[in-house]
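Colleague: I'd like to learn how to read salt bridges and pockets off a model. Could you walk me through it?

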Amino acid sequence: MKKFKYLALDRQFASGGREIGQKVAEKLGIPFHNQDILEISAKNLGVSLVQAQKAEETIASSVIYSLSLASNPSLYDNGVLPMADKVFFEEAKLIREFAEKEESCVVVGRCSDAILGNRPDCLKIFICSEMQPRINRSIEQYGLKSSEAEKMLRKNDRRRSSFYEFNTDKRWGYRENYHLVLNSNALGIDTCVDIIVNLM
């Protein structure tokens with residue numbers, strides 16, 4: 001049977017993906033990486049967490065992105081690249097380092113399935129759910145009104161989709177990019193956790 005040591009977990013906003021990833025890591029006793037990727041990247045780049053977060057939500061010019069490192073790798077170090085690209089490259093470097101230095105780990109989001117996609121020991125999972133359960137979950141977590149919650153969900157899905165598709169040239173959430181797509185509402189959080197743990 002194939003042995004998966006790393007989990008690259010992507011998810012729709014408020015689908016419970018982060019919770020599933022945390023529980024998988026806890027059950028397996030392995031590191032969990034999510035927000036720490038952004039925090040370490042900000043520190044390495046010498047910028048504030050707020051600056052890095054804003055950059056992470058920005059899509060830089062595709063012309064700059066495609067030509068910069070291809071024509072001159074030193075651009076990454078000398079400040080020419082936009083902050084959005086710097087943050088993404090730093091995050092990608094960290095994710096690869098986690099896979100090289102740690103025997104096993106869970107990485108949530110940040111195109112980790114594409115970054116680690118060439119590794120046969122990386123399990124790629126996408127977590128989804130219907131809109132209403134996601135609205136309910138976001139209302140519980142953030143105290144929003146129903147109309148605000150749906151707007152925030154759609155905005156965050158668009159942002160994640162744009163970020164993923166720009167940086168990977170793949171369709172976000174598309175089943176062929178993953179080993180498995182799990183509906184957290186239909187299956188339940190704990191069942192999703194058990195399925196992933198058993199696969200790993």
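Predicted model: local features only at pLDDT ≥ 70, side-chain atom pairs only at ≥ 80, totals over all residues.

Colleague: What counts as a salt bridge, and how many does a search of the whole structure find?

Modeller: The rule is a side-chain nitrogen of Lys or Arg within 4 Å of a carboxyl oxygen of Asp or Glu. Searching the whole structure gives 12 salt bridges. Glu-19, Lys-23, Arg-137 and Asp-190 are linked in a network of them.

Colleague: Where do Lys-27 and Asp-194 lie?

Modeller: Start with the distance: their side chains meet in a salt bridge at 2.9 Å, N to O. Lys-27 is in helix α1 (residues 17–28) and Asp-194 in helix α11 (residues 189–199), so the pair ties together parts 167 residues apart in sequence. Helices here are DSSP runs (H or I, at least four residues), strands likewise (E, at least two), numbered from the N terminus.

Colleague: Is Glu-91 buried or exposed?

Modeller: Buried, at 1% relative accessibility. Glu-91 forms a salt bridge with Arg-110 at 3.2 Å, N to O. Glu-91 sits in helix α6 (residues 83–101) and Arg-110 in the loop between β3 (105–108) and α7, so parts 19 residues apart in sequence are tied together. Arg-110 is buried too, with a relative accessible area of 12%.

Colleague: Now the aspartate. What does Asp-121 form a salt bridge with?

Modeller: With Lys-5, the closest N and O atoms being 4.0 Å apart. The pair links distant parts of the chain, 116 residues apart: Asp-121 in the loop between α7 (112–115) and β4 (122–128), Lys-5 in the segment before β1 (6–11). Asp-121 is buried at 12%, and Lys-5 is partly exposed at 32%.

Colleague: Which residues is Asp-121 in contact with, leaving aside neighbours within four places in sequence?

Modeller: Contact means heavy atoms within 4.5 Å. On that basis Asp-121 touches Lys-3, Phe-4, Lys-5 and Tyr-6. The Asp-121 side chain also makes a polar contact with the side chain of Arg-119, at 2.9 Å. A polar contact is a pair of N or O atoms within 3.5 Å; within protein, one must be able to donate a hydrogen and the other to accept it, and residues adjacent in sequence count only if both atoms are side-chain atoms.

Colleague: Last one: which residues lie nearest the centre of the largest pocket?

Modeller: A pocket is an open set of points on a 1 Å grid over the protein atoms alone, where a 1.4 Å probe fits, with protein on both sides within 12 Å along at least five of seven lines; lining residues have an atom within 4 Å of a point. Here 29 residues line the largest pocket, with Arg-11, Phe-13, Asn-34, Arg-159 and Arg-160 nearest its centre. Helix α9 gives the largest share of the lining, 5 residues.

Notes:
Residues numbered from 1 in each chain as written. Heavy atoms only, no water. Buried < 20%, exposed > 50% of the residue type's maximum accessible area, 1.4 Å probe, protein only.
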